[in-house]
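Biologist: I am new to this structure. Could we go through it in questions and answers?

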Amino acid sequence: MKVLVAVKRVIDYNIKVRVKSDQSGVDLANVKMAMNPFCEIAVEEAVRLKEKGVADEVIVVSIGPKVAQEQIRTAMALGADRGILVETDEPLESLAIAKLLTKVVEVEQPGLVILGKQSIDADNNQTGQMLGALAGMSQGTFASEINVSENSVEVTREIDGGLQTLSLNLPAIITTDLRLNEPRYASLPNIMKAKRKPLDVKTPADFGVNVISGLKTLLVESPQERSAGVLVGSVSELVEKLKNEAKVI
Amino acid sequence: MSILVIAEHDNGSLKDETLNTVTAAVQIGGNVDLLIAGENCNAVAEQAAKISGVNRVLVADHAVYAHQLAENISLLVSELAVDYSHVLAPATTNGKNFMPRVAATLDVSQISEITAVVSADTFKRPIYAGNAIATVQSTDKVKVITVRATGFDAAVCDGSATIESLDKATDAGLSSFVKEELAQSDRPGLTSAKVIISGGRGMGNSSNFSLLEQVADKLGAAVGASRAAVDAGYAPNDMQVGQTGKIVAPDLYIAVGISGAIQHLAGMKDSKVIVAINKDEEAPIFQVADFGLVDDLFDAVPELANSL
Amino acid sequence: MQREAMEFDVVIVGAGPAGLSAACRLMQQAQVNDQELMVCVVEKGSEVGAHILSGAVFEPRALNELFPDWEEQGLALGEKVSADEIYLFKDEQKATKIPNCMVPSTMHNEGNYVISLGNLTRWLAEKAESLGVEIFPGFAAAEILYREDGAVKGIATGDMGVDENGQPKDSYMPGMELHAKYTLFAEGCRGHLGKELISRFNLDSDSDPQHYGLGIKELWDIDPAKHKPGLVIHGAGWPLGKNAAGGSFLYHAENNQVVLGLITDLSYENPYLSPFDEMQRMKHQSVFKQYLDGGKRVSYGARAIAKGGFNSLPKMSFAGGLLIGCDAGTLNFAKIKGSHTAMKSGMIAADTLIGVLASGDAGGQDLTQFAEDFKCSWLNEELQCSRNFGPAMHKFGMVFGGVFNYLDQNCFKGKLPFTLHDLKPDFAQLKPASECHKIVYPKPDGVFSFDKLSSVFLSNTHHAEDQPCHLKLQDATIPLAHNLVLFDEPAQRFCPAGVYEIVEDEQHNKAFQINSQNCVHCKTCDIKDPSQNITWVTPEGAGGPNYPNM
């Protein structure tokens, strides 16, 4: 079985983002970029499936600028076998990404597609589900455990208030949550080996996909800073205000 | 304009997030219909009919919707959606699960987790974990939207909508339910709790955290800790709220003996209401607290537990 | 678990200006000579540039030699210096501008650039990689490996995935041994391996003790109307005044940004001094405030500076390797510049090495040839001419030292026939707290000045949770039993990142707490601890600050 993993290049999770003064977006100049943490978990899960003998090939795909090759190489250093970059300098919306991934799925015919549940930049949490709809596949989002058998995969999902387990027909889409696994470190020899693994570069035009989006970002602002409220004189006054004014207890 | 809101429920009762989502729909303007897809969910429909602002409650009652399987629900919703200008669902794990499938099926974008309605086609939503707020405009024929509950007040329940049952049931046949384990603990997890009480280095030692637990028990709250308290060994690392711990946004966050370093604020500043209890009136936590109490926590916290 | 090993011709520790210049030069020369060469660079930062922090006004002399066509190759270096201003500050309000003709010639900056050194190293890394160098960011050289004959054999990278008690976690990955014919150590000021080498090979037996400063820097977005691209401002006097030597700076960089900071000489005596708080209050000086008013702080960081210069320069070669750049101490303090000198030292090292390797050398020799090559370079001449600058400031104070330096640099061009020495190491300068006045710093106003933790927040500092503390105490009792009693534990104040705290519990029992996750890798604790009890070692690779444009 082939496993396809989609990864995204995003601002490193340790970097404090800063809104540009012209409010056109977030300042990314000379800022450290990295693989989206949820995508790293997806890569790790796929590599573990290969190590268990469930998967025989792990293909990693990214859609983004040329430098997103770095993240594909990282995925290959972690154990993916080959990479595909769909190169575009346009920032694409989830729907366009899902359409492109659908085409990759058509070509590669994977048994499982594993994606991060969301990227830490746009925080959309859409791509995996959209791909599921477009490719007519079942989905197990927010996975914290997966068990693959002959024709199905059992996925434990982190839902509000607990865990839900579903059985999905293969081929299926999995999106990863934090507790699915702890990704390994890439070793130096594997980083060097990854430089020689095959990496195919395509463009959206190669797939004949229209990437125009119905969404337009008009403005990006810093969140409103909180301001100091009132000082209360006693516990009873505090309780009274929480009950009657803020209505939170 | 007409808006379809998908209700969040567990077949037995309606979940609160639905009320906040209806408020968002009312702000967009137009007729609001509410869809309840589930199995044996009459009680939910009765409840939902009382939400003011709702015109009709549509009920799809069938075994295929019992467990909110995304493949099945999304087929139903996308079929209904063509008659609406907007489709809204709460940004719960359930709403997040099926709504993008609806959007993709309709060949439109989804606008995730809106926190404000600017106009019928323009919305605000947090990006970069809430460190930036984007204003986005949609030109799609149907606007598919998930709604962050904390961004909107709950709709009041003094209405009387009509209830209509839908005779629709499609099984995509792609997935099936195996089991569900809902957390049985009396105390909710930090990231899902509606109320959190956290202690800082001011707690003095780990056994004093039991003072917080007494309040937490009364409020059904989770107990958290600041990095300083964790480093001092007063609390385990999985209780840590902050930049290097968990990012939380409950309705009520009570910070006890926490000075309020920016590293802690980064993890809780999106809480709806923040209360600070600290004996140092210069503590930075008071700069972000809605309600501050300058007092010795060893007096104030037991008194708080007793008065709840 | 057994460590794996990889073999290279040259291993370079640290992807800063010295290490990357050496790497580039090695590959350039190898291409010219049609020589096969395997060169790798390990870097503890999460990416190249992540741990680089410098002023920086950059003198392009070495870069012009390394890449004469850097401009055509697409390097946008920064803003060309448009004007130099030097002030003597008396207090928050009063400032005297020193006429240009009275300024030591080394402090003139025509032809120089206001740059981000981090971004220059990012460019150099791209060049090095395209020349065939293997660069591994996120891998810290944790240990020096020696051959049986005592020569340096290479380095080992640190183990990853070890918990705070030293036990392997699920993610455990043992370090790698990187063996090389020659290893270049380019860790920057007070490198922890460099420190070991200097002591093991007695490299400093013929030199003065190294002297240090602590540079604390911020990056601000300012009102475009106030931005004067290329304006370079230096200041002396207030706020450090008599408490410490040092100086302030504010440079107008690109994109409506200014960089500003304060260098506090770590030879200060009063244990109550806090370089961080001095830097925060410095911004209230009217000369600086005029530009910052209406602006917003973007980034923060700190790094120690090796400023002893020529007299403190140790022997730079030893069996199996070389010490280059600020790891040795090639900074020219008279110019307050170390980037071009670090680059040049790396290039000289490469030139020495390429010849040795071409002759089929098996490695492990003490490359005494390097000292000869160094001596014949402009770098040696430049450092020698500036040798009296720092000691003069120490010996004669700022005013008379300044006069001396003016005469020395402008009239005698550094060729006076005598050398001033400064023999007391910085850590030994602290006086007991009882003999010193307590310094009361103003509270940060949240507009121009800020507290430590909100500053560290802007350095994007991160260390993986649950790992061994990388700030090692030789004797865990010293902080409370000795340093606290005698010096009111100065680590609480000299650390610019709030790593060290004295905490008290309910019963007023005191404890010395190390918040190692805040560490910005400046190395000041390793330098200034009066008991020399703190040893800085590398944390898990990729830990530390993530500076964007510093």
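This is a predicted model: local features need pLDDT of at least 70, side-chain atom pairs count only at pLDDT 80 or more; totals for chains, interfaces and linings use all residues.

Biologist: Which residue just after α4(A) takes a positive phi?

Modeller: The phi there is about 65°. The residue just after α4(A) with this positive value is G136(A).

Biologist: What area is buried between chain B and chain A?

Modeller: The contact draws 75 residues from chain B and 70 residues from chain A. Carbon and sulfur atoms give 56% of the buried area. The area itself is about 5800 Å².

Biologist: How many salt bridges does the rule find across the interface of chain B and chain A?

Modeller: One salt bridge joins K99(A) and D107(B), with the closest N and O atoms 2.9 Å apart. The rule asks for a distance within 4 Å, and across this interface the number found is three.

Biologist: How do the residues on the side of chain B that touches chain A divide by class?

Modeller: Across the interface of chain B and chain A, the rule finds 41 residue pairs in polar contact, both residues being at pLDDT 80 or more. By class, the side of chain B that touches chain A has 36 nonpolar, 23 polar and 16 charged residues.

Biologist: Why does chain B count as being as compact as a globular protein of its length?

Modeller: Chain B has eight helices and 16 strands. For its 308 residues the globule rule gives 19 Å, and chain B comes close to that, so it is as compact as a globular protein of that length; its radius of gyration is 22 Å.

Biologist: What percentage of the residues in chain B are buried?

Modeller: The C-alpha atoms of chain B fill a box of roughly 60 × 40 × 40 Å along the principal axes. Of the contacts in chain B with a separation of 6 or more, 65% come from residues 24 or more positions apart. Buried residues make up 58% of the 308 residues.

Biologist: Is D33(B) buried or exposed?

Modeller: D33(B) forms a salt bridge with R56(B), the closest N and O atoms being 2.7 Å apart. The pair links distant parts of the chain, 23 residues apart, with D33(B) in strand β2 and R56(B) in strand β3 of chain B. R56(B) is partly exposed at 27% relative accessibility. D33(B) has 4%, and therefore counts as buried.

Biologist: How many residues apart in sequence are the parts tied together by K8(A) and D121(A)?

Modeller: K8(A) and D121(A) form a salt bridge with their closest N and O atoms 3.1 Å apart. K8(A) lies in the loop between β1 (2-7) and β2 (9-11) of chain A, and D121(A) in the loop between β6 (112-116) and α4 (127-135), so the parts tied together are 113 residues apart.

Biologist: What area do chain C and chain A bury between them?

Modeller: This contact takes 27 residues from chain C and 18 residues from chain A. Of the buried area, 61% is on carbon and sulfur atoms, and the total is about 2100 Å².

Biologist: Which three residues supply more of the area that chain C buries against chain A than any other three?

Modeller: Together they supply 21% of the area that chain C buries there. The three are S171(C), M173(C) and N460(C).

Biologist: Is E134(C) buried or exposed?

Modeller: K195(A) forms a salt bridge with E134(C), the closest N and O atoms being 2.7 Å apart. The pair crosses between chains, from a loop of chain A to strand β8 of chain C. K195(A) is partly exposed, with a relative accessible area of 38%. At 17%, E134(C) counts as buried.

Conventions:
Residues are numbered from 1 along each chain as its sequence is written. Chains are lettered from A and ligands numbered from 1 in the order in which they are written. Side-chain values use heavy atoms; hydrogens and water are left out. Contact means heavy atoms within 4.5 Å. Buried area is the accessible area (1.4 Å probe) that two parts lose on being put together, summed over both. A salt bridge is a side-chain nitrogen of Lys or Arg within 4 Å of a carboxyl oxygen of Asp or Glu. Helices (H or I, at least four residues) and strands (E, at least two) are DSSP runs, numbered from the N terminus. Buried means under 20% relative accessible area, exposed over 50%, partly exposed in between (1.4 Å probe, protein chains only). The radius of gyration is taken over C-alpha atoms; the globule rule is 2.2 Å times the number of residues to the power 0.38. A polar contact is a pair of N or O atoms within 3.5 Å; within protein, one must be able to donate a hydrogen and the other to accept it, and residues adjacent in sequence count only if both atoms are side-chain atoms. Ala, Val, Leu, Ile, Met, Phe, Trp, Tyr, Cys and Pro count as nonpolar, Asp, Glu, Lys and Arg as charged, and the others, Gly among them, as polar.
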